[in-house]
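Morning, everyone. Please bring up the structure on your screens, and we will walk through it together.

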Amino acid sequence: MTLVRRVARPMLAAIFIKTGIDQVRGAPDLAPAAEPVAERLAGPLHLPQDPVLLVRLNGAAMAGAGVLFALGRAPRLSAAVLAATAAPTAYVAHPFWTEKDRAVRSEVLGDFLKDVGLLGAALLAAVDTAGKPGVLWRAGRAGRDAKRLAAHAAGSGRKDLALVAAKAG
């Protein structure tokens, strides 16, 4: 792991860990704001329709993935979980579109954009291969190598058969 990744991962993860813990602890207070989103997501995702439980689950996933990401454990998976938990959090916590007062709307919009920026950082981290080829590239390379080896083996087999036939004949 490069020095930048070793330092940057905990820096990025810190806000997710804190927000996740806050969501777990304050779920009853946050649930009313999350209720419309919980109702829309619960059915299609086969989740319970209890907004308090969903806020706690989101917070626990966010905090757990944040710790894993900070430690560099399963960084792409944990970053993907951070992104998945950040999206509903940004939507629920900062609904700037509902604010009538310009000053309040501007402040809430700023907070929303900060969360969207964190979501973008998590998405970038989710696709960061740390300089190594990704799974799709490695799978494609393995397929090409297997075809080449099979062709080589088939060619060698024909040569061996020809040698055996020549010696027998």
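Two notes on method. This is a predicted model, where local features need pLDDT of at least 70, side-chain atom pairs count only at pLDDT 80 or more, and totals for chains, interfaces and linings use all residues. Residues are numbered from 1 along each chain as its sequence is written, and side-chain values use heavy atoms, with hydrogens and water left out.

Let's start inside. A nonpolar core here is a set of buried Ala, Val, Leu, Ile, Met, Phe, Trp, Tyr and Cys residues joined through side-chain atoms within 4.5 Å. Buried means under 20% relative accessible area, exposed means over 50%, and partly exposed is in between, using a 1.4 Å probe and protein chains only. The largest nonpolar core has 14 residues. Which members touch the most others? They are Phe16, Phe69, Ala79, Leu82 and Ala122. Helix 1 (3-25), helix 3 (51-71), helix 4 (75-93) and helix 5 (102-127) each supply at least two residues of this core. Helices are DSSP runs (H or I, at least four residues), numbered from the N terminus.

Apart from that core lies another, of five residues, including Ala27, Ala34, Val37 and Val55.

Now zoom in on Leu82. Leaving out residues up to four places away in sequence, Leu82 touches Phe16, Met62, Ala65, Gly66, Phe69 and Ala122. Contact means heavy atoms within 4.5 Å.

Next, helix 5. Its 26 residues reach 37 Å from first C-alpha to last, close to the 38 Å expected at 1.5 Å a residue. That expected span is 1.5 Å times one less than the number of residues. Buried in helix 5 are Val108, Phe112, Asp115, Leu119, Ala122, Ala125 and Ala126. What covers them? The cover includes helix 1, helix 3 and helix 4.

On to charges. A salt bridge is a side-chain nitrogen of Lys or Arg within 4 Å of a carboxyl oxygen of Asp or Glu. How many are there in the whole structure? The search finds four. Take Arg5 and Asp128, whose side chains meet at 2.7 Å, N to O. This pair links distant parts of the chain: Arg5 sits in helix 1, Asp128 in the loop between helix 5 and helix 6 (135-168), 123 residues apart.

Asp22 and Lys18 also form a salt bridge, with closest N and O atoms 2.4 Å apart. Both lie in helix 1, four residues apart, about one turn of the helix. Why does that spacing matter? An α-helix has 3.6 residues a turn, so residues three or four places apart point the same way. Asp145 and Arg141 pair up too, at 3.4 Å between the closest N and O atoms. Arg141, Asp145 and Arg148 are linked in a network of salt bridges.

Last, the surface and the loops. Met11 is in helix 1, and its relative accessibility is 60%, so it counts as exposed. Leu3, Val7 and Met11 make a nonpolar surface patch of about 340 Å². Patch residues have over 30% relative accessible area and no salt bridge; like charges are joined within 9 Å, nonpolar side chains (Val, Leu, Ile, Met, Phe, Trp, Tyr) within 5 Å. Areas come from the Shrake-Rupley method with a 1.4 Å probe, and for residues only the protein chains shown count as cover.

Finally, His46 has a positive phi of about 55 degrees, although it is not a glycine. Most residues other than glycine have a negative phi. His46 lies in the loop between helix 2 and helix 3.
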